[in-house]
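Student: I would like to learn how to read charged pairs in a protein model. Can you take me through a case?

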Amino acid sequence: GAASRPAATLAAGRFPVPKVRTFREGSSQARYMVSRLMPLHRDAPHEQDVMFPPIRSLSPNERKALMESFLPTDDLSFSGWMRQLGLAAPLDG
């Protein structure tokens with residue numbers, strides 16, 4: 001896609017050189033990657049509201065559908081990682 005060349009250029013300048021993976025939006029691979037990179041769906045609703053404010057505008061049914069669209073993962077979210085360290089996540093709300 002359009003982002004492949006710039007991503008490969010940026011990756012080439014790093015050490016160690018990271019793997020650049022491309023996915024078609026909406027594909028199972030893309031959903032898996034989003035679930036791994038941003039496992040926010042595992043956080044409590046008030047944490048989700050603070051970390052991703054646009055989610056507040058969703059109806060309860062829309063929010064439920066969004067949360068169910070993520071693939072299950074054992075990865076911690078940022079807030080979960082902070083809790084595991086015994087620290088408070090930066091919540092403004």
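Tutor: Start with glutamate 47. This is a predicted model, and in it glutamate 47 counts as buried, because its relative accessibility is 7%.

Student: Which residue forms a salt bridge with glutamate 47?

Tutor: First the general idea. Side chains of opposite charge can pair when their charged atoms come close. Here the partner is arginine 83, with the closest N and O atoms 2.5 Å apart. Arginine 83 sits in helix H5 and glutamate 47 in helix H3, so this pair ties together parts 36 residues apart in sequence.

Student: Is arginine 83 buried or partly exposed?

Tutor: Partly exposed, because its relative accessible area is 45%. Arginine 83 also forms a salt bridge with aspartate 43, where the closest N and O atoms are 3.9 Å apart. That aspartate lies in the loop between helix H2 (28-37) and H3, 40 residues from arginine 83. Aspartate 43 is buried, at 6% relative accessibility.

Student: How many salt bridges does the count give?

Tutor: Four. One of them joins arginine 63 and aspartate 49, with the closest N and O atoms 2.8 Å apart. Arginine 63 is in helix H4 (residues 60-69) and aspartate 49 in helix H3, so parts 14 residues apart are tied together. Both residues are buried.

Student: Which residues do shared partners join into one network?

Tutor: Asp43, Glu47 and Arg83.

Student: What else does the side chain of arginine 63 meet?

Tutor: The side chain of glutamine 48, through a polar contact of 3.1 Å. Glutamine 48 lies in helix H3. Glutamine 48 is buried, with 3% relative accessible area.

Note on methods. Residues are numbered from 1 along each chain as its sequence is written. This is a predicted model: local features need pLDDT of at least 70, side-chain atom pairs count only at pLDDT 80 or more; totals for chains, interfaces and linings use all residues. Side-chain values use heavy atoms; hydrogens and water are left out. Helices (H or I, at least four residues) and strands (E, at least two) are DSSP runs, numbered from the N terminus. Buried means under 20% relative accessible area, exposed over 50%, partly exposed in between (1.4 Å probe, protein chains only). A polar contact is a pair of N or O atoms within 3.5 Å; within protein, one must be able to donate a hydrogen and the other to accept it, and residues adjacent in sequence count only if both atoms are side-chain atoms. A salt bridge is a side-chain nitrogen of Lys or Arg within 4 Å of a carboxyl oxygen of Asp or Glu.
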